[in-house]
Amino acid sequence: MKIAAIIGSSRVDGNTQQLTEMALEGLEYTPIILKEKQITPIDDLRHADGGFQPVADDYDRVIDMVLEHDILIFATPVYWYGMSGLMKNFVDRWSQSLRDSRFEFKRKMTQKKAYVVTCGGDQPKIKALPLIQQFQHIFDFMGMSFQEYIIGTANAPHDILKDEQAIAEAKRWNETFSSLK
């Protein structure tokens, strides 16, 4: 099972990334750091003559990497009660991939197992639930299997190291992923 962690944090080595790395410690995986990629916001041309046009950015390479993996971990901090702008921009571009015959995008995405890791500082166990529901709807639409999620409580750098429950969940995921080798 090949694992990719799609990191949507705008903070280098942020709490969400740290928690994701705990879940994957000692495992072989591909980190996809969206902050390090140039992904242009979608120009929605679904209903225009000619449809979507090619875009000169990193998005196609990122999608190629995503499609090579069986397990996808979507890691995003809670930003204003939803996913980060980096993650949202990436997911918005899926509309383009759905109409691009090069990828067979929806068919291939149905074969993926999806996980979500998120952290927030303002009662995230409650206030991050709409973000989890948003991912659930996205995964349902794509036909992906939504396996699990972890919500960590963290705001300032390294706060996640204080959330014993989230760390325990990350360790449990690590054991699960390790057994898939």
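**Strand pairing, pockets and salt bridges in the predicted model**

Ile7 has Ile33 as its bridge partner in β2. The chain passes from β1 through α1 to β2, and this β-α-β crossover is right-handed. The model is a predicted one. Strands β1 (residues 3-7) and β2 (residues 30-33) run parallel and are joined by four bridges. Ile7 also has a bridge partner in β3, namely Ala75. The pairing of β1 with β3 is parallel and spans five bridges. Ala75 in turn has Val117 as its bridge partner in β4. Strands β3 and β4 run parallel, with five bridges between them.

Strand β3 (residues 71-75) is mostly covered, and five of its five residues are buried. In a regular strand, side chains alternate between the two faces of the sheet. Both faces of β3 are covered. Ile71, Ile73 and Ala75 are buried on one side, and Leu72 and Phe74 are buried on the other.

Asp13 is not a glycine, yet its phi is positive, at about 55 degrees. Asp13 sits in the loop between β1 and α1. Its relative accessible area is 35%, so Asp13 is partly exposed. His158 likewise has a positive phi, near 70 degrees. His158 is placed in the loop between β5 (145-153) and α8 (164-179). With a relative accessible area of 41%, His158 is partly exposed.

Pockets were examined next. The largest pocket holds about 320 Å³ of space. Its lining comprises 19 residues, and Val78, Cys119, Gly120, Gly121 and Asn155 lie nearest its centre. At least two lining residues come from each of α1 (15-23), β4 (113-120) and α6 (124-127). Nine lining residues are nonpolar, seven are polar and three are charged.

The second largest pocket holds about 170 Å³ of space. Its lining includes Arg46, Lys88, Asp92, Trp94, Arg99 and Phe141. Helices α3 (85-92), α4 (94-98) and α7 (129-142) each supply at least two residues of this lining. By class, six of the lining residues are nonpolar, one is polar and four are charged.

The structure holds 11 salt bridges. One of them joins Lys125 and Asp163, at 3.4 Å from N to O. Lys125 lies in helix α6 and Asp163 in the loop between β5 and α8, so the pair ties together parts that are 38 residues apart in sequence. Lys125 is partly exposed, at 34% relative accessibility. Asp163 is buried, at 9% relative accessibility, because the limit for burial is under 20%.

Glu104 and Arg107 form another salt bridge, and their closest N and O atoms are 3.0 Å apart. Glu104 is partly exposed, with a relative accessible area of 43%. Arg107 is partly exposed, with a relative accessible area of 43%. In helix α8, Arg172 and Glu169 lie three residues apart, about one turn of the helix. These two residues form a salt bridge, with 2.8 Å between the closest N and O atoms. Arg172 is partly exposed at a relative accessible area of 31%, and Glu169 is partly exposed at 27%.

Key:
Residues are numbered from 1 along each chain as its sequence is written. This is a predicted model: local features need pLDDT of at least 70, side-chain atom pairs count only at pLDDT 80 or more; totals for chains, interfaces and linings use all residues. Side-chain values use heavy atoms; hydrogens and water are left out. On a 1 Å grid over the protein atoms alone, a cavity is a set of points where a 1.4 Å probe fits but cannot get out, and a pocket is an open set with protein on both sides within 12 Å along at least five of seven lines; lining residues have an atom within 4 Å of a point. Grid points are joined across faces, edges and corners, and a volume is the space filled by probe spheres set on the points. Ala, Val, Leu, Ile, Met, Phe, Trp, Tyr, Cys and Pro count as nonpolar, Asp, Glu, Lys and Arg as charged, and the others, Gly among them, as polar. Two strands pair if DSSP finds at least two bridges between them. A crossover is right-handed if, with the strands pointing away from the viewer, the path from the first strand over the helix to the second runs clockwise. Buried means under 20% relative accessible area, exposed over 50%, partly exposed in between (1.4 Å probe, protein chains only). A salt bridge is a side-chain nitrogen of Lys or Arg within 4 Å of a carboxyl oxygen of Asp or Glu.
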